[in-house]
Amino acid sequence: MGSIEELVVSLAQDAAPVKPAPHPLKLSLRWAAAAVAYLVLSLWISGLRPDLEHKLHEPWFVAELASLALIFLATSLSAAVLAFPDLHQMKKTAWAPAGLFVLFIGVMFLAWRADAPPAPLPVHSFECTISITLFAFLPAVWTFFSMRKFASTHYHWAGSVALLSAFSVGALWLLLHEVNDSVSHVILWHYLPMLGIGLIGWWLGKKFLKW
């Protein structure tokens, strides 16, 4: 009996303390704060669009900016929830970005209808998609790296949402940096690529988040 008690005491002494996982809200706030700092620093380097003060008086531009920011916040929180195997009992929160994407689509459709006559298209096209993707690379890396520490059982959705969150940060940067009034161009080269990004995240989630 003495040897068993000694073994139990020895195992208890050798056991390393386990740090409790943060609440998804706290985790998402960490990611969001890092992304906002990255966005502010990048805009300080690249510069704000010179007509930003004027654009902030345009209702559809403000609606686009606000709905895109909400998508970023919602996808950050959703990714944090999806990182947990039981969704931290926050299933509705995990799927909340779907409703905001519907809202965003409605905002962009109305903005496109209001763009009459349509603003001239810029001389570039796919360069915007590449710029947003490159900008989103760092937020995507640190989000995936953080999510790997957890045990997601919804790794497909987690990867997709995490990549959409990072891409939305890039879209916010370009919206605030690039002088461009063409809603058609923005829809085609800034936001439609989100469909492809979501599919890539679906694949990356299986590759990097499956345990």
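**Overview of the protein chain.** Helices are runs assigned by DSSP, in the classes H or I and at least four residues long, and they are numbered from the N terminus. In this predicted model, the protein chain read along its sequence follows the pattern α-α-α-α-α-α-α-α-α-α, which comes to 10 helices and 0 strands. The radius of gyration of the protein chain is 21 Å, well over the 17 Å that the globule rule gives for 211 residues, so the chain is more spread out than a compact globule. Along its principal axes, the C-alpha trace spans about 90 × 30 × 30 Å. Of the 211 residues, 43% count as buried, and among contacts between residues at least 6 apart in sequence, 86% join residues at least 24 apart.

**Close-up of helix α7 against helix α8.** The axes of α7, which covers residues 127–147, and of α8, which covers residues 155–177, come within 7 Å and cross at roughly 135 degrees. The two helices are therefore oblique to each other, and α7 passes α8 in a right-handed crossing. On the α7 side, the contact is made by C128, S131, I132, T133, F135, A136, P139, A140, T143, F144 and M147, while α8 brings A158, G159, A162, L163, A166, F167, V169, G170, A171, W173 and L174. Sorted by class, the residues of this contact are 17 nonpolar and 5 polar, with no charged residues.

**Close-up of helix α7 against helix α9.** Helix α9, made of residues 183–191, has an axis that comes within 8 Å of the axis of α7, and the two cross at roughly 45 degrees. That angle makes α7 oblique to α9, and the crossing in which α7 passes α9 is right-handed. Here C128, T129 and I132 in α7 meet H185, W189 and H190 in α9, and the residues of the contact divide into 3 nonpolar and 3 polar, with no charged residue.

**Close-up of helix α2 against helix α7.** Helix α2, which runs over residues 24–46, packs with α7 at an angle of about 160 degrees, and their axes are 11 Å apart. Since angles over 145 degrees count as roughly antiparallel, α2 and α7 are therefore roughly antiparallel to each other. The crossing in which α2 passes α7 is right-handed. The residues of α2 that take part are L27, W31, A34, A35, Y38, L39 and S42, and they meet F135, L138, P139, W142, T143, S146 and M147 in α7. By class, the residues of this contact divide into 11 nonpolar and 3 polar, and no charged residue is found among them.

Residue S76 is found in helix α4, which is formed by residues 59–82. S76 is buried, with a relative accessible area of 3%, and, leaving aside its neighbours within four places in sequence, S76 is in contact with S28, W31 and S165.

F84 has its place in the loop between α4 and α5, the latter made of residues 91–94, and at 8% relative accessibility F84 counts as buried. Although F84 and M147 are 63 residues apart in sequence, their C-alpha atoms are 8.8 Å apart in space.

**Close-up of the peptide bond between A116 and P117.** A cis peptide bond joins A116 and P117, with omega at about -5 degrees. P117 has its place in the loop between α6, which covers residues 96–114, and α7.

K149 lies in the loop between α7 and α8, and at 63% relative accessibility K149 counts as exposed. The C-alpha atoms of K149 and L209, which are 60 residues apart along the chain, are separated by 8.9 Å. K207 is found in helix α10, formed by residues 193–208, and K207 is exposed, with a relative accessible area of 52%. K207 and Y155 are 52 residues apart in sequence and 8.8 Å apart in space, taken from C-alpha to C-alpha.

Methods
Residues are numbered from 1 along each chain as its sequence is written. This is a predicted model: local features need pLDDT of at least 70, side-chain atom pairs count only at pLDDT 80 or more; totals for chains, interfaces and linings use all residues. Side-chain values use heavy atoms; hydrogens and water are left out. Axes are lines fitted to C-alpha atoms, for helices over the stretch in contact, and angles run from 0 to 180 degrees between N-to-C directions. Angles under 35 degrees count as roughly parallel, over 145 as roughly antiparallel, 65 to 115 as roughly perpendicular and the rest as oblique. A crossing is left-handed if the near helix is turned anticlockwise from the far one by less than a right angle, and right-handed if clockwise. Contact means heavy atoms within 4.5 Å. Ala, Val, Leu, Ile, Met, Phe, Trp, Tyr, Cys and Pro count as nonpolar, Asp, Glu, Lys and Arg as charged, and the others, Gly among them, as polar. The radius of gyration is taken over C-alpha atoms; the globule rule is 2.2 Å times the number of residues to the power 0.38. Buried means under 20% relative accessible area, exposed over 50%, partly exposed in between (1.4 Å probe, protein chains only).
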